[in-house]
Amino acid sequence: MNKLQILVVEDDTPVRNLITTTLKAHDYRFSAAVNGKEAVMSAASLNPDVILLDLGLPDIDGVEVIRRIRSWSNMPIIVISARSEDNDKIDALDAGADDYLTKPFSVDELLARLRVTQRRLTQMQGNTNQAAVYVNGRLRIDYASGCVYLDDEEMHLTPIEYKLLCLLAQNTGKVLTHKFITQSVWGSSWENDVGSLRVFMATLRKKLEKPSGSPQYIQTHIGIGYRMLKIE
Ligand code: CA
């Protein structure tokens, strides 16, 4: 019940078959496209819940496919890229992709990404009216008062830490690039800002994850950015 409809975009037949076989075995509904043009058309006609998008396509560049889809839809897009295409991955995230898988990936990794996306979708549907309070496990952000609580104890955050936390919270489940974060928080993305971001993120994490046994809220994607995880 309630299984996601997934659009698989991959020109490499063995990889596409691996993905579709996995989806079938786990009761996901899916359709496939083998190039960028077909991907954009299928995204528009099928309105899938999630798109798994290979970045290296024979016709249109995967990043361009994301830009076109983002002109009308916020549907989650998970990009699939080769390890040598790190810059493309960052461009894809900046263009509006939600997450990424790096080839070669395991079936377990693919399923884990889909579960993260499913949680994000559920949350997006529940949040049609901008919620005034954000709750994630033991963490609570009261946007109106600007207060953050961990286990009902107020956390003392600097203004920048608070801004970072709100940005991550509003994009829970989504990988945010260094560039996106620094532009949102500082309005620029110089190399110095990325250095400062690392420092602020480290202190924010320390505060968030200080209580022993506290779950990991912020995931680091080395060379790429950060993601707030939804705690079960
Ligand atoms: Ca390819």
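**Entry 1: terms and overview**

Helices, of type H or I and at least four residues long, and strands, of type E and at least two, are DSSP runs that I number from the N terminus. I am working with a predicted model.

I began with the whole chain. I find 8 helices and 12 strands in its secondary structure. I then took the radius of gyration, which is 18 Å. A compact globule of 232 residues would have a value near 17 Å, so the chain agrees with that expectation. The C-alpha trace spans about 50 × 45 × 30 Å along its principal axes.

Of the 232 residues, 48% are buried. I took the contacts with a separation of 6 or more, and 58% of them join residues 24 or more positions apart. The chain exposes about 11600 Å², of which carbon and sulfur atoms supply 51%. I also looked up the charges: there are 27 positive and 29 negative ones, and their mean positions lie 3 Å apart.

I went to β3 (50-54). How many of the residues of β3 are buried? I count 5 of 5, so the strand is mostly covered by the cut-off of under 20% relative accessible area. I checked which way the side chains go. Val 50, Leu 52 and Asp 54 point one way, while Ile 51 and Leu 53 point the other way. Both sets are buried, Asp 54 included.

I then traced the pairing. Strand β1 (residues 5-9) runs parallel to β3, with 4 bridges between them.

I stepped back to the loop between α2 (36-46) and β3, where Asn 47 sits. Its phi is positive, about 45°, although Asn 47 is not a glycine. Is Asn 47 buried or exposed? I have it as exposed, because its relative accessibility is 54% and the cut-off is over 50%.

**Entry 2: a cis peptide**

I looked up the peptide bond from Lys 103 to Pro 104. It is cis, with omega near -5°. I place Pro 104 in the loop between β5 (99-103) and α5 (107-126).

**Entry 3: the sheet β6 to β9**

I followed an open sheet of 4 strands, in the order β6-β7-β8-β9, with antiparallel pairing. Which strands stand at the edges? They are β6 (133-136) and β9 (153-154), each of which pairs on one side only. Inside the sheet, β7 (residues 139-142) and β8 (residues 147-150) are joined antiparallel by 4 bridges. I found Leu 139 bridged to Leu 150.

Then I checked the loop between β8 and β9, which holds Asp 151. Asp 151 is another non-glycine with a positive phi, about 55°. Its relative accessible area is 44%, so I call Asp 151 partly exposed.

Met 155 came next, in the loop between β9 and α6 (159-170). I have Met 155 as buried, because its relative accessible area is 10%. What does Met 155 touch, leaving out residues up to four places away in sequence? I list Leu 139, Val 148, Tyr 149, Leu 150, Lys 207 and Leu 208. Leu 139 and Leu 150 are the bridge partners I noted above. I also took the C-alpha separation of Met 155 and Arg 140: it is 9.8 Å, for residues 15 apart along the chain.

I ended with an open sheet of 3 strands, ordered β10-β12-β11 and paired antiparallel. β10 (176-177) and β11 (218-221) are its edges. Each has a single partner strand, so one side of each is left without a neighbour in the sheet. I checked β10 against strand β12 (residues 225-228): the two pair over 2 bridges, antiparallel. Thr 177 has Gly 225 as its bridge partner.

I moved on to His 178 in helix α7 (residues 178-186). At a relative accessible area of 11%, His 178 is buried. I looked up its contacts beyond four places in sequence. They are Val 194, Leu 197, Arg 198, Gly 223, Ile 224, Gly 225 and Tyr 226.

Technical notes:
Residues numbered from 1 in each chain as written. Predicted model: local features only at pLDDT ≥ 70, side-chain atom pairs only at ≥ 80, totals over all residues. Heavy atoms only, no water. Rg over C-alpha atoms; globule rule 2.2 N^0.38 Å. Buried < 20%, exposed > 50% of the residue type's maximum accessible area, 1.4 Å probe, protein only. Contact = heavy atoms within 4.5 Å. Areas by Shrake-Rupley, 256 points an atom, 1.4 Å probe, with all protein chains shown as cover. Lys, Arg positive; Asp, Glu negative; His and termini not counted. Charge placed at Lys NZ, Arg CZ, Asp CG, Glu CD. Pairing = 2+ DSSP bridges.
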